[in-house]
Amino acid sequence: MTVSLKKKTNPYVHWEFSNPEIDSLIRIVPERGGLITEWQSEGKELLYFDLERFLDKDKSIRGGIPILFPICGDLSEGYLLGGKKYFLKQHGFARDLPWSISFLKDSLGIRLKLSDSKDSRSYFPFIFTILMDVFLNEKSLQISVKIYNQSQESMPFSFGLHPYFKVLNTKNIKIDGLPEQCIDQTNMKVAIACEQIRMLDKGVDFLSYPSCSAKLFDFSSRNVIELIHQEPMDTTVVWTDPPRQMVCLEPWTSPRNALVTGDRKLEIKPEEYIELFTTFKHNSF
């Protein structure tokens, strides 16, 4: 077995989990929200990552695979719980907190772990643990997430991933597999998915409800990224941010504001857990 997990300092402090037999690796910065910063498959770098912005800790990260919890999107008006109103920042707090990292016993993957803190309980009043296992397979990243509610009350939440995929030209992209209709998140109105896809180079932010998989074709690099869904993390968000040459193809459990509207909101009963799965697959054409 040639799989290894090593701490490195260049060009930034990170852990490198690699498997030379399949020419694949990921780089992770646990201290910055459990962030996977890079993913190489068959020697190709697939993730967009703004290193200069990452090194400026006063700015939000643009790139890698941020983790979204306990909400996806915004919750501008807050949410009521036990007669008290709580407020959460965009995409929640998990992407801003330090996670721990460890090798899985079989050495086939790594585990990222996050638990609540006194500070997190002030705006999300629950005792929880998140275990995110990442498996580096040939041409794919398989991710399994277990969320434990160790509180005495049911815990409402949403969970998502926000991967930034590098492309050579957003004008030369196609996305297949999404339902015909979607929600334009800039105005929360129903839109036509193919029309949104035609505007990737102009900037889009839309959400599509459940599909089995979605494929991102980059005709310039000839890379294909397939997002393979499993219920309940089977909502897809597509986001672009010109002039950045990237496309975010994101698996979410629930749309924005779900803790208020109840739309696909998930809850975990006291002392129970839920398991979520998603896979990113890479191919060439």
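Helices (H or I, at least four residues) and strands (E, at least two) are DSSP runs, numbered from the N terminus. The model is predicted: local features need pLDDT of at least 70, side-chain atom pairs count only at pLDDT 80 or more, and totals for chains, interfaces and linings use all residues. Residues are numbered from 1 along each chain as its sequence is written, and side-chain values use heavy atoms, with hydrogens and water left out.

Five strands form an open sheet in the order E1-E2-E3-E4-E5, with antiparallel pairing; two strands pair if DSSP finds at least two bridges between them. Strand E1 (4-8) and strand E5 (44-45) are the edge strands, each pairing on one side only. Six bridges join strand E3 (residues 24-29) to strand E4 (residues 35-41) in the antiparallel sense. Leucine 25 has glutamine 40 in E4 as its bridge partner.

One cavity of 30 Å³ or more is present. A cavity is a set of points, on a 1 Å grid over the protein atoms alone, where a 1.4 Å probe fits but cannot get out; lining residues have an atom within 4 Å of a point. The largest cavity holds about 60 Å³ of space, a volume being the space filled by probe spheres set on the points, which are joined across faces, edges and corners. Its lining includes Leu46, Phe165, Asn223 and Val224. Strands E15 (164-166), E20 (213-218) and E21 (223-229) each supply at least two lining residues, and E21 gives the most, three.

Asparagine 283 lies in strand E25 (residues 272-284).

Notes:
On a 1 Å grid over the protein atoms alone, a cavity is a set of points where a 1.4 Å probe fits but cannot get out, and a pocket is an open set with protein on both sides within 12 Å along at least five of seven lines; lining residues have an atom within 4 Å of a point.
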